[in-house]
Amino acid sequence: MQTKSAIPATYTSHSPAWLALQQHQKKMSLQTMRQLFSEDANRFDRFHLKFNDILLDFSKNIINSDTVVLLHNLARERNVSQWIARLFAGEKINHTEDRAVLHTALRNQTDTVLLLDGENILHLIRQQLARMEEISDSIRQSRWLGASGKPITDVVNIGIGGSDLGPKMATEALRPYSQTHLGVHFVSNLDENHINDTLQKLNPETTLFIVSSKTFTTLETLTNAQTARDWVLENIEDPVLLAKHFLAVSSNKKAAIEFGIHPDNILDMWDWVGGRYSLWSTIGLPIAIAAGMDNFRAMLRGAHEVDLHFRTAPLEQNIPVIMALLGIWYINFFGATTQAILPYDEHMKSFPAYLQQADMESNGKYVDRNGQQVDYATGPVIFGEIGIKGQHAFYQLFHQGTHIVPADFLAPITDLHCIACHHRPLMANVFAQTEALMKGRTHDEAIHEMQQQGLSHEQIMQLLPYRIFPGNRPTNTLLFQTLDPKTLGSLVAMYEHKIFVQGIIWNINSFDQWGVELGKKLAKEIIDELQDDRPVTSHDSSTNNLINHYKRNRPK
């Protein structure tokens, strides 16, 4: 294996475009956004893009026209356009698992034929969408009856990772479009409190479970599903009637049948859909049940329109590409290690958690596509919260901390049930925070403000260091008309493609997740060791002693 000193010039961090950006960053690090705005009255006009009703303002970034040109040179050097074409063509770009990456096919709205291994997968997808519609309509219209003949009133999705985060996020986001007589719940944690707390509130006669697991081997999901099955069986006389209370979404139909799920109640899943991209598939059944199949299809349309934009727009006008390159700019040239996702819509409360998996599982890699260790930073730590709550929690670090934290602000111009006395102050905070992060507060401004407050000279000098804000903190703002299903689909697809482009720039495979597997493997081995009280000596001293302490103190 080559050492860092012997890395060939074709590697990203030693390429002409990369080196040019390094030199440019030295110049831009001496600039402030205050200066850039004062020198250019048309800065917003040059640094914003629109897609349907979504406006991306990226003018509050430490960039100028030269920055944008150099970033796009990097994108061309890394053949981003060619990789986009390969993604949509169904090439097996997930090379470590020898798989195509075709989550975009799940929302394809055209009549084209897309062949994979000789089969038109668009036909397969539409068959499953029709089954989703039949099932969701049956539940929503109270035609699906439990074992006792009562209509289903509650649906519990049992899954983890992409089989939980995506459907949960979208179901919460589309809550205003959901039927109030149906409860849709999500269980993911192996901790028994999650399934127990959920079941406590439900009636087994009127509860339907969806077991969502592509492989139908996931420990957390199967353990929770077993508990749910036992709970239902305690309350029905004929085990054959269990079928009325269980559905499955899986590519492993055999295992689902062995678990006890009727073949007619199993929806298909495919290995060319990664878990974190699966909400567009049959994994999205809870979304269709909660918000209706028409709204689920609208979400697909919104994502498909972004797919068309991503495929056809020039790099300079391509929103996912711009978002990706801005992230590269801060991560690789300013040393940023985090990215904040800050929605100003209560229904988007799970959006940051959803993007944590989408981004960190995709690009948290240190080995490139050639099997070489990279010598540059890759995926950032993604975190976030509803913006108005974050302002009273962690924004202090944004404004006066020692870290640079690029942040995305997402906000609706109106709401389905908009109340002006709530929404206008909410939006005032969006605009004020991005302006404050950009401008900060200077020495002179701080003094002037305290003078206006009537403070003495001595008080002013004492408080002055604490009242200065450095500013120059980068933000993107995404404004959209309202959080309807189509807009939600578009926003999710934008971030998916942003993550993909960053993976291409870093020359990593964004579609495998081998790091997830190691912990799973070790956990399976340790489970066997926990079945008795014998001391364990097969691990390192820390793990041995932790296991043995647990064994000595657990209930007998």
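The questions and answers below concern side-chain contacts in a predicted model.

Me: How many aromatic pairs does a search of the whole structure find?
Reply: The search covers the whole structure. Its count of aromatic pairs is 23.

Me: Is the aromatic pair of Phe-209 and Phe-246 stacked or edge-to-face?
Reply: The ring centres of Phe-209 and Phe-246 are 5.2 Å apart, with 20 degrees between the planes. Planes under 30 degrees apart count as stacked. The pair of Phe-209 and Phe-246 is therefore stacked.

Me: How many residues apart in sequence are the parts that Phe-209 and Phe-246 tie together?
Reply: Phe-209 is buried at 0% relative accessibility, and Phe-246 is buried at 1%. Phe-209 belongs to strand S7 (residues 207–212) and Phe-246 to strand S8 (residues 246–250). The pair thus ties together parts whose separation in sequence is 37 residues.

Me: Which class of pair do the rings of Tyr-330 and Phe-334 form?
Reply: Tyr-330 is buried, with a relative accessible area of 2%. Its ring centre is 5.6 Å from that of Phe-334. The planes are at 50 degrees, so the pair is tilted.

Me: Which residues form one aromatic cluster with Tyr-330 and Phe-334?
Reply: Tyr-330 and Phe-334 belong to one aromatic cluster.

Me: Over the ring of which residue does the charged end of Arg-107 sit?
Reply: Salt bridges that share partners join Arg-107, Asp-307 and Glu-496 into one network. The charged end of Arg-107 also sits over a ring, 4.6 Å from the ring centre. That ring belongs to Trp-280.

Me: What is the nearest side chain of opposite charge to Arg-140?
Reply: Arg-140 is in helix H6 (residues 121–140). It is buried and has no salt bridge. A salt bridge needs a nitrogen to oxygen distance within 4 Å, whereas the nearest side chain of opposite charge is 5.0 Å away. That side chain is Asp-137.

Me: Which backbone oxygen does the side chain of Arg-140 reach?
Reply: Arg-140 touches residues that include Gln-179, His-181 and Ala-290. Its side chain reaches a backbone oxygen at 2.9 Å. The oxygen is that of Ala-290.

Me: Where does Lys-214 lie, and which backbone oxygen is 2.8 Å from a polar atom of its side chain?
Reply: Lys-214 lies in the loop between S7 and helix H9 (219–233). Its contacts include Arg-99, Trp-270 and Val-273.

Me: In which helix do Glu-525 and Lys-521 both lie?
Reply: Glu-525 and Lys-521 form a salt bridge with the closest N and O atoms 2.8 Å apart. Glu-525 is partly exposed at 38% relative accessibility, and Lys-521 is partly exposed at 48%. They are four residues apart, about one turn, in helix H21 (residues 514–529).

Definitions and conventions:
Residues are numbered from 1 along each chain as its sequence is written. This is a predicted model: local features need pLDDT of at least 70, side-chain atom pairs count only at pLDDT 80 or more; totals for chains, interfaces and linings use all residues. Side-chain values use heavy atoms; hydrogens and water are left out. Rings of Phe, Tyr and Trp (its six-membered ring) pair if their centres lie within 6.5 Å; planes under 30 degrees apart count as stacked, over 60 as edge-to-face and the rest as tilted. Helices (H or I, at least four residues) and strands (E, at least two) are DSSP runs, numbered from the N terminus. Buried means under 20% relative accessible area, exposed over 50%, partly exposed in between (1.4 Å probe, protein chains only). A charge sits over a ring if NZ of Lys or CZ of Arg is within 6 Å of the ring centre and within 35 degrees of the ring normal. Lys and Arg count as positive and Asp and Glu as negative; His and the chain ends are not counted. A polar contact is a pair of N or O atoms within 3.5 Å; within protein, one must be able to donate a hydrogen and the other to accept it, and residues adjacent in sequence count only if both atoms are side-chain atoms. Contact means heavy atoms within 4.5 Å. Lists of a residue's contacts leave out its neighbours within four places in sequence.
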